[in-house]
Amino acid sequence: MAHWLVKSEPDAFSWDQQVQNGTEPWTGVRNALASNNLKAMKRGDRSFFYHSNIGKAIVGVVEVVREAYPDPTDETGRWVCVDMRAVGPLPQPVPLAAIKADPDFTDLALVRMSRLSVMPVSDAHWAKLCKLGGWTRK
């Protein structure tokens with residue numbers, strides 16, 4: 001299983017909306033690297049759900065339930081989306097400030113490429129972020 005982080009502006013699509021909807025297509029990605037990351041996702045992969053702009057924190061965990069397919073919001077046919085299912089909220093959201101303050105995360109894509117909306121997370125970073133957020137589920 002690979003690990004990821006997906007970003008959403010909570011005033012556009014929030015963690016609460018993800019939970020309410022259960023399974024939701026992750027649409028609207030219009031960056032080539034982020035799109036390639038979506039294409040690399042496999043069913044069962046887990047991802048942190050990150051609130052960007054407002055809140056700036058990891059707030060939950062989602063799981064890929066459908067691999068990349070054409071994004072229905074894209075009229076060009078160039079971009080893809082995946083379907084994500086809410087797994088659960090982090091007991092303690094992990095703020096960006098705490099991540100940036102920890103030298104173990106200097107090579108985390110969230111710190112290095114802050115504008116990227118879909119990014120891989122190494123197993124070591126995943127484990128440490130789960131610990132910081134109080135996430136104990138597998």
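Leaving aside its neighbours within four places in sequence, with which residues is Ser8 in contact? Before the reply, two remarks on the basis of the description are in order. This is a predicted model, in which local features need pLDDT of at least 70 and side-chain atom pairs count only at pLDDT 80 or more, whereas totals for chains, interfaces and linings use all residues. Residues are numbered from 1 along each chain as its sequence is written, and side-chain values use heavy atoms, with hydrogens and water left out.

With those neighbours set aside, Ser8 is in contact with Phe13, Trp26, Phe49, Tyr50, His51 and Ser52, where contact means heavy atoms within 4.5 Å. Ser8 is found in strand β1; strands (E, at least two residues) and helices (H or I, at least four) are DSSP runs, numbered from the N terminus. At 9% relative accessibility, Ser8 counts as buried, a class that means under 20% relative accessible area, with exposed meaning over 50% and partly exposed lying in between (1.4 Å probe, protein chains only). Across from Ser8 stands His51 in β3, and the two strands β1 and β3 pair in the parallel sense over 6 bridges, pairing being assigned if DSSP finds at least two bridges between two strands.

On to β4, strand β3 is joined by 6 bridges in an antiparallel arrangement, and Tyr50 has Ile58 as its bridge partner in β4. The two strands β3 and β4 form a hairpin with 5 residues between them, and Asn53 in the turn has a positive phi of about 65°.

These pairings belong to an open sheet of 6 strands, with mixed pairing and the order β2-β5-β4-β3-β1-β6. Strands β2 and β6 (118-121) stand at the edges, each with a single partner strand, so one side of each is left without a neighbour in the sheet. The twist averages 40° from one strand to the next.

Turning to the core, the largest nonpolar core has 40 residues, among which Trp26, Met41, Phe48 and Ile58 touch the most other members. Strand β5 (residues 80-95) gives the most to this core, with 7 residues. A nonpolar core is here a set of buried Ala, Val, Leu, Ile, Met, Phe, Trp, Tyr and Cys residues joined through side-chain atoms within 4.5 Å. Not counting residues up to four places away in sequence, Ile58 touches Leu5, Phe48, Phe49, Tyr50, Leu90, Pro93, Val94, Ile99 and Leu129.

The charged pairs come next. A search of the whole structure finds 5 salt bridges, each being a side-chain nitrogen of Lys or Arg within 4 Å of a carboxyl oxygen of Asp or Glu. Arg30 forms one with Asp71, the closest N and O atoms being 3.0 Å apart; this pair links distant parts of the chain, with Arg30 in the loop between β2 (23-26) and α2 (32-40) and Asp71 in the loop between β4 (57-70) and β5, 41 residues apart. Arg30 is partly exposed, at a relative accessible area of 36%, whereas Asp71 is buried, at 3%.

Another salt bridge joins the side chains of Arg85 and Glu63 (2.9 Å, N to O). Since Arg85 lies in strand β5 and Glu63 in strand β4, the pair ties together parts that are 22 residues apart in sequence. Arg85 counts as partly exposed at 30% relative accessibility, and Glu63 as buried at 15%. Together with Arg46, Glu63 and Arg85 are linked in a network of salt bridges.

Notes: Axes are lines fitted to C-alpha atoms, for helices over the stretch in contact, and angles run from 0 to 180 degrees between N-to-C directions.
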